[in-house]
Every structure is written in C-alpha cells, then in structure tokens.
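Biologist: I'd like to learn how to read side-chain contacts. Could you walk me through some?

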Amino acid sequence: MQSYKRRNLLKYGIAAAVLTASSVSARAGSVGGRLIVGLSGASPLDSWDARTFSDSFMIACGQGAVFDCLTEVTADGSLVGELAESWESSADGRIWTVALRRGVTFHNGKPFVAQDVIDSFDYHRGTASGARVIVDGIQDISRLSDHQVRFTLTSGNADFPYLLSDYHLIIYPSGQIDEAIANGIGTGLYRVETFEPGIRFIGRRVQSHYKDGTAGWFDRIEFVAMNDRARRMNALLTGQVDAVDRVDPAAVSRLSTHPRINIVETTGNMHLAFGMRTDTAPFDDLNVRLALKHGIDRQAIVDQVLHGHGRVAADSPIGPANQFYAGLAPMAHDPERAAWHLRQAGLSRVSVDLFTSDVAMNSSAAELFRTAAAPAGIDIQIKEAASVGYWGDTFGGQPFTATYWSGRVTEDWMFSTAYHAGSPWNDTRWADGRFEQLLVAARAEFDPDLRSDLYAEMQKILRDQGGAIIPAFANWIGARSDRVATPTSIGNLWPMDNARMAERWWVA
C-alpha cells in the first residue's frame, strides 16, 4: 500500500493516477486498556449531526472515534484512504471516480455501500453546514456500483481527495440518517456506549473492524467535557484523565518538569484571529480596517499570550504547514500610521466593541490589542460573551469577534471555507471579485509553480484589504500522562494528533 503527499499529487497532475492506501500505525500489539481525555470545545447543544461540528470535543468523538470519512490525513500530511480505497481523476480534475472499501459494516450491522456516500453528502446541501461549501462544488454524485461512486464537480479541483477528509463529511447509513444522528451509528472503531452532550462520551472498541492491526488500541475510550483550562490541567495532574488538549502556553515550562507528564506540541496552521464584518460600519471602510491592522502588536501576542509557542502572522490564514505559504511580512504595529488611516476615513477617533470568549481566545490577547491600539485613537471595548452558544450566536453574528481557526491542509480548503463569498463560515463577510477569480483558477491548476503565484496573490489581498486580523499562528499544545504512548509523528491538522488519539495512541 502507498500514501501520497499532496506535493506529489500536484507534481504528477494525477490525470489518471490511482491512489490506494491504508492507515499504518507505529504501534504493533494487542488491543487493551482505556483512554480518558479532557477536551475543550464541548456544548450542551452537541449532537451526532456533523453539520454542527466545530470544535475539539465533537471532532474527536465524531471523525476520531465513531464515524469515518472517505479519506484521512495522516500525521505526516499524507492522504490515505479510509472508507475509500482508491481514486482517480479526469485530466482537468473535474471528474473523480472513487472505489469504496468492501466488507465494512455500520455499528447496526448495515453494510456500507455507495448510496451511503451519496445520501451523506446530500445531507449537507442547502444547510448551514460547515461542509456546505464543499458539497456546493459537487454538481453530481452518481453510483457506478455498490462500491464505486463518481463525483462530478462544478469546476476542476486538484485537491478534491483532501476535501473528502473534512470532519463534517462523515458517512451515515443511507435511509437511517436520523437514527444514526440520534444514536451515533457509524463505521468507526468505537461504538457509542454513553453520550451526554456537553458532559461526556464513552465508546467501546468494535470487534472485527477493517482497521484491525493498524489502528484502535484501546478497549474503551472516554472523552470528558472540560472547557475550563484550569480544570483540564488539574484533572491531568491529579490523574483523573490521561491527556488534555489546549494547554495554556504559560504552563508548558512548568508541566515539562513534571516526571509523569509529557507535552504534545505541534506546529501547524492554527491561528488566532479578530474578524471584522466588511459589510458593517465602520469595518466596511478599508481605512478603518487598516487602522486596526496597524493598531495591533503582533509580537506582543506571540510573546505574552503564546509565550513563544507560535509565530507572527500577516492577516492570512495560510500557515507554515501549508505548501503555498507565502511568508508575507505583516503590517507593523504603528499607531501613527493607524491614526493616519483613521483620518483618511474621516475619523479622529473610533470606538468598537470586540466580542470574545474563553472558547475562542485567551482574553489577554484582546486586552493586548486594546492597549496597543489606544494611542492611535482606537477605543476597543471588550465584551465577554458566554461560551455556550458563542460559535452559533456571537461568531459571525457580531461585527467584531475574536476567534481561532485550526487552519486546513490545503489552501483552497481554507479559503473556500472561511473567505469564499457566501460561505456559511465566512465570518468577515469578505466578498472580493479578484479574490474569487483567483480562488477558482488556483483550485483547478495542477502546475505547482502557477498555483504558488496565485495563492501568494490571494494571501497578499487578504493582508492588504481583508476583514480578518490574524496576528499569530499558535502551536497545538496538548499533554499526556506516561500511562499512554504516542507515535513519533503527531498530526498537526487538528489538536491531539488530528483529533485521532483514540485511533493512534495506546497504553504505555
């Protein structure tokens, strides 16, 4: 079996290449023991409806345990098949034929077939799903046989196989989607034993699974909702849990000296952001946006909020783990320049409300922003919003909000999810004609040099004109006790080994 990195997909054009792969674990041994993890991002509104997945807890429960997608991004960034065994494309990247894995059953005994894929993708159409931008780009999905489907896209997409790994695009049983959402019925390594939204999930290892021998080393897993960072740290230190996500960067040095605690840190594309709605005053004025971009002290956030566990960013979501990361110079913290832009907008001062929450960003980042911007005549009033409902009500609803993004493994995936005009997750309401033209052109381009130029221009447009202030890329920082072991390579797409610790880790 082989896995192919994205750079090789682009290099060879994949006009007729068939990519076949399976996950291979660094662990060799028997299944046994349990894993208890304290996770952030849980809500009483959580459910098995993947359209609503947005944070660590449900990504780990859904894609990382109970359900499967068609493809999977491995720890080293390679793409392998999950419920898909192989795929091939037309020369223009518009038609993709996917061979499906045989011998797979759902937890209720239903065999996995092509119709399950079609119905699962159609479930996202016309809704506020985080994957809507992906399915909207699919013109048709046709069944060629019980174990082969053909995707016809509205335009060519060289990265399409990567999109099939999106954590929203888990596969449900056809004709039983409502039941599957009510009870958590998937094809994943772990069957639902207990699910209490906003409290906990307990799963039991499935017997005779198609991933036997390559993944899934625990008999039992338990994910405990711990949105409070201090509570997670205490639970880890007192042995209540085996691992936690989103460790406070300020605590890393202290935890590193603990004899039984190991830091799990990866550099990826996660970024802190302040989103300004470009369709709402005063942020509809480019000069106001530029004033705020020059008003923030990015290095201070890296130093004082991330404690060095990250790097300065330049208002683009494309990060150091992306293939076409341009590495643009950020706008400097320059209060005089910021004040000049305010004057160009006809303002001597401006007052704005910035909404934030513990689930979105450390509040000290917003305080640093407020302090750094004040000398320019920018008065930032910080509004602490409730963590429950923040992603549904505040994010994208208020004109100026704090947030964080995991980033995406491909440039098009990130841009299409959060910056494409009309995307449900476009919290800045960014809509720019040139940007949209470049988005379509880069998506269908197989030549890596041409793609690099296109994506560099898009990153520059967002830096110079966009509605997102992205001051820093932040490392993923988790921690585990010495009761569990991990592979040498840890995924950096999502926290906790791409949120697949239940599959990839084992009892030490």
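Modeller: We'll go through ring pairs, charges over rings and salt bridges. This is a predicted model, where local features need pLDDT of at least 70, side-chain atom pairs count only at pLDDT 80 or more, and totals for chains, interfaces and linings use all residues. Residues are numbered from 1 along each chain as its sequence is written, and side-chain values use heavy atoms, with hydrogens and water left out.

Biologist: How many aromatic pairs are there?

Modeller: Rings of Phe, Tyr and Trp (its six-membered ring) pair if their centres lie within 6.5 Å; planes under 30 degrees apart are stacked, over 60 edge-to-face, the rest tilted. That rule gives 25 aromatic pairs. Phe-415 and Tyr-455 make a tilted one, with 6.2 Å between centres and 35° between planes.

Biologist: And where does a charge sit over a ring?

Modeller: Look for NZ of Lys or CZ of Arg within 6 Å of the ring centre and within 35 degrees of the ring normal. Here the charged end of Arg-246 sits over Tyr-404, 4.2 Å from the ring centre. Arg-337 lies over the face of Trp-340, at 4.6 Å.

Biologist: How many salt bridges does the search find?

Modeller: We need a side-chain nitrogen of Lys or Arg within 4 Å of a carboxyl oxygen of Asp or Glu. The whole structure has 33. Asp-242 and Arg-34 form one of them, at 2.9 Å from N to O. Arg-260 and Asp-482 meet in another, at 3.2 Å. There's also a salt-bridge network, whose members include Asp-68, Glu-72 and Lys-211.
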